[in-house]
Amino acid sequence: MGNYPTGVTVVTAVTGDGEPVGLTVNSFTSVSMDPMLISWSIDKNVSTHDVFAKGDRFAVHVLAHDQGDTCMLFATKGTDRFSQITWKTSAENNPVIEGYSGLLECRVYKTVDAGDHTMLIGEVVHADNNETEPLLYHQRTFGQIPESFYNK
Ligand SMILES: Cc1cc2nc3c(=O)[nH]c(=O)nc-3n(C[C@H](O)[C@H](O)[C@H](O)COP(=O)(O)O)c2cc1C
């Protein structure tokens with residue numbers, strides 16, 4: 001897996017008590033165009049596993065190139081993650097973090113028990129694109145798409 005570069009997302013949801021939760025995720029991938037489905041997997045040891053595995057919706061933020069700090073914040077245990085960033089509750093009732101490159105708000109389509117993870121397949125019900133370059137992640141290092149990448 002270390003040979004496979006990815007982007008980075010933060011996936012958020014709301015608990016039954018109305019508290020925002022979220023974690024950094026790079027297992028995100030597209031699944032289907034019609035219906036529009038995406039998937040990601042959550043470790044069963046993550047403190048908020050059951051919120052996501054038993055919930056009916058979540059929001060995937062594709063992080064922008066300057067959101068390395070947000071990536072680390074949402075991967076660090078024992079911090080009050082939402083007090084350190086700017087966010088609001090969307091019409092879909094998901095916590096939405098400012099500054100993303102792309103946003104995919106999903107309803108849970110299916111959950112799959114998969115070893116020590118639970119895979120969540122979501123149907124996209126709302127999408128937004130800020131057209132900012134994404135954050136890249138490879139071998140525990142952050143990166144940005146080089147200018148030369150687009151020069152044909
Ligand atoms: C780049 C990166 C990608 C990650 N991807 C995933 C992932 O796909 N699934 C997952 O369960 N945890 C992933 N993690 C780890 C979780 O973010 C971390 O275990 C979680 O935030 C812990 O939450 P907790 O303190 O509420 O238990 C990733 C961490 C990093 C730094």
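**View 1. The shell around the ligand, by residue class.** In this predicted model, the shell around the ligand holds 7 nonpolar, 5 polar and 3 charged residues. There are 15 residues around the ligand. Ser27, Ser41, Asp43, Ser47 and Lys77 come nearest. Two strands each supply at least two residues of this shell: β3, residues 20-25, and β5, residues 37-43.

View 2. Start at Ser27. An N or O atom in the Ser27 side chain lies 2.6 Å from an oxygen atom of the ligand. End at Arg81. An N or O atom in the side chain of Arg81 is 3.1 Å from an oxygen atom of the ligand. Taken alone, the ligand would expose 650 Å². The protein buries 82% of that area.

View 3. The ligand sits in the largest pocket. The volume of this pocket is about 730 Å³. Its lining counts 32 residues. Nearest the centre are Leu23, Thr24, Val25, Phe74 and Ala75.

**View 4. What the lining of the largest pocket is made of.** Which element gives the largest share of this lining? Strand β3 does, with 6 residues. β3 also supplies at least two residues of the shell around the ligand, as does β5. By class, the lining of the largest pocket has 14 nonpolar, 13 polar and 5 charged residues.

**View 5. The second largest pocket.** This pocket has a volume of about 520 Å³. It is lined by 18 residues. Tyr4, Pro5, Thr6, Gly7 and Asn26 are the closest to its centre. Two strands give two or more residues to the lining: β1, residues 6-7, and β11, residues 135-138.

View 6. For the largest pocket, the lining includes 5 charged residues. The shell around the ligand has 3 charged residues.

Definitions and conventions:
Residues numbered from 1 in each chain as written. Predicted model: local features only at pLDDT ≥ 70, side-chain atom pairs only at ≥ 80, totals over all residues. Heavy atoms only, no water. Near = heavy atom within 4 Å. Polar contact = N/O pair within 3.5 Å; in protein donor to acceptor, adjacent residues only side chain to side chain. Areas by Shrake-Rupley, 256 points an atom, 1.4 Å probe, with all protein chains shown as cover. 1 Å grid on protein atoms, 1.4 Å probe; cavity = no way out; pocket = protein on both sides within 12 Å on 5 of 7 lines; lining within 4 Å. Sits in = over half its atoms within 2 Å of the grid points. Helix = DSSP H or I, 4+ residues; strand = E, 2+ residues; numbered from the N terminus. Nonpolar A, V, L, I, M, F, W, Y, C, P; charged D, E, K, R; others polar. Points joined across faces, edges and corners; volume = space filled by probe spheres on them.
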